[in-house]
Amino acid sequence: MPLDEATILIVDDEPQLLTIFGSWFKREGCRILLAENGAEGLKLASQNRVDLVISDIRMPVMSGIELAQRLGKHPGSMPQMLFVSSAGEIEDRELYDLGVARMLHKPIGRQKLVEAARLCLLDKDKRWSTPPNPDEGTIRDLVSQASEPPSDRIAFGRGGLCLCSNANLQKGHLVRVNLTSELDAPASIVATVQWVAPQHWLSGLEIRYVDQIGRASVIRVTDNAGVNAFIPRTVGPR
Amino acid sequence: MIAPVSELELEHEALLSFMYMCPVGLIQITGDGTITMINPHAMSLLMPITHNSVVENLFDVLGPRNPELCASIQNFAGICGPVLQGRRIHLPPEGPDQPPYVLSCTLLMINRNCLMVMLRDVSAEVALEASRREAAKRKAMANDRLVALGTMAGGLAHEINNPVAIIHALITDLAETAARGEAGCRDVAATAAEVLVACKRIERLISNLLRLARDGAGDPFAPAVLVEIINRAASVCEAFFRESAVKLVVGRTDPSIFLSCREVQIGQVLINLLQNGFYAAKARGGAARVRIEARRNGSDAEIRVTDSGQGVPAAIRERIMEPFFTTKPVGEGTGLGLSIAGEIARAHGGRISLDDSNAETCFVLTLPLLSDNASHAAR
């Protein structure tokens, strides 16, 4: 969805910041809804169609975390979520598990925030059709390092997957996973490692690119993930 | 012809030389305290009391200050062995600024009507113990202050980060407009004014935090305006309260109330009371609220912290001021808060009490007012 067709709900307990962020998106032609805490945000989200929520974490009455939890109660209907907050308040892993697509830190400039919102709102077909720029680093082939991951070692979220693998992955790595048995069609996925939990051999991968053959299948699986997690935290039964 | 010296006389002489040389004060007395022998060290130890006058009875010297000592000598059962070990006798210091003079007294029964008193000057040990105790107390106070501030730190960091985010947003906006060649003087002036307001906010938060974060236990007592201490403590707690939707109400306080105090310590006590109120109000839920206000009461200032919590159950009312007593979950507070707050209040000539007449939980910190003359001078 292009920015100028989107309705964006902005939630922050700092009124001045709310106004500034609002003005940035108004300039892009978005429809803007403003709320000073999670409870107000939840109310607006229930009364309006909201495509993207940009929220602070620490707020009175209802925090951003609780807002994400409440919005995620109905799988499939959750809008995209982007958090803009102070650094170090919560682990990325927990946020992705709540369904949050991106965590940005205050202070933040207009370009960075607007670009992040634009990316969040892109349809998966478009978002996943361009491979990452080569200068982002080399892509590690997971298949060549480990045998084909069996389906009980993988779980899909709305925007990524949790993988149990003995490959020595680190945050920021680019990896390629070739899936054959888990999907209707074989797919080659390129993803960014967003978190690792080495003690459980788990890593959270955000999907960046899916080859043409498998893309529709991956979109279907991630849209019907059954959880609202962006990248789930576990691969076991939930 | 020299008379032969008996074994007994030789032993007696040896005892005398031992007593004479011994670096411990030794006094031989009878059951009624009469001194039969005294060595030079004991004489010098007793000098500050006897002032060189001849002493015949030990009870006359030490007795009035230690009736227990006299009683234990008079009641000794006539069994050989130690009667009293290391009893400390506190004597008045030699001058007003001198450290206390403390003798350690050990009594040994020699035979049916003879006791040996051993005296040692333990003033230095006593002073060292006292200074160690004082250091430990100060450490506990500093620790408590840091724990209290640590609890507030997350909220405070967020509170500081918000104006930083505002400044950043305003400035990057202005830079973009300027890069397009569209920024006029009015835009610059408007942004500058908003940035200044945000800067002031940060400055106020940091200065309040710093005034409470430093170790003020050794500060001299100085005149301070009570309402300013209250406002500073409240500003540090504000974000913490707001996040949990506990309302912090700062009632009106007469700005002419002055205290003579260690401001950092009184701030610490207020943060402690506010935090206790916060947890109580939050635990009960509903319209959670903590109110702080102060007023004059005779020659005292009364600072009242009232919360909308459940109240302090009668069963624990007596124990709340004890060290390590806490009703908070593990990880929230050291349990030293109120006991240290009470200690600080006492050091300021005041106290902390629970107001029973109030329907809500109300802790009252009472502190003596700075006299009108002194506060006039402080102004």
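This is a predicted model: local features need pLDDT of at least 70, side-chain atom pairs count only at pLDDT 80 or more; totals for chains, interfaces and linings use all residues.
Residues are numbered from 1 along each chain as its sequence is written, and chains are lettered from A in the order in which they are written.

**View 1. Chain B as a whole.**
Chain B has 11 helices and 12 strands; these are DSSP runs numbered from the N terminus, with helices (H or I) of at least four residues and strands (E) of at least two. Of its 379 residues, 30% are buried, a term for residues with 20 or more other C-beta atoms within 10 Å of their own, the C-beta atoms being placed from the backbone. The mean pLDDT of chain B is 83, and 90% of its residues reach 70 or more. The model scores ipTM 0.79 and pTM 0.68.

**View 2. The largest nonpolar core.**
A nonpolar core is a set of buried Ala, Val, Leu, Ile, Met, Phe, Trp, Tyr and Cys residues joined through C-beta atoms within 7 Å. The largest one holds 66 residues, and Ile8(A), Leu52(A), Val53(A), Ile54(A), Leu82(A) and Val100(A) have the most contacts inside it. Helix α1 (residues 15-27) of chain A supplies the largest share, 5 residues. Another core lies apart from it, with 51 residues, including Leu248(B) and Val305(B).

**View 3. Contacts of Leu82(A).**
Two residues are in contact if their C-beta atoms, placed from the backbone, lie within 7 Å. Neighbours within four places in sequence aside, Leu82(A) is in contact with residues that include Leu52(A), Ile54(A), Leu104(A) and Cys120(A).

**View 4. Where chain A meets chain B.**
Here 13 residues of chain A are in contact with 15 residues of chain B. On the chain A side, α1(A) gives the most, with 3 residues. The residues of that side divide into 6 nonpolar, 3 polar and 4 charged; Ala, Val, Leu, Ile, Met, Phe, Trp, Tyr, Cys and Pro count as nonpolar, Asp, Glu, Lys and Arg as charged, and the others, Gly among them, as polar.

**View 5. Helix α10 of chain B.**
This helix (residues 337-347) is mostly covered, with 8 of its 11 residues buried. Among them are Leu338(B), Ile340(B) and Ile344(B). The cover includes α5 (123-179), α8 (263-284), β11 (351-354) and β12 (361-368) of chain B. Just after α10(B), Gly349(B) takes a positive phi of about 75°.

Conventions. A residue is buried if 20 or more other C-beta atoms lie within 10 Å of its own, exposed if 12 or fewer, and partly exposed in between; C-beta atoms are placed from the backbone. pLDDT is the predictor's confidence in each residue, from 0 to 100.
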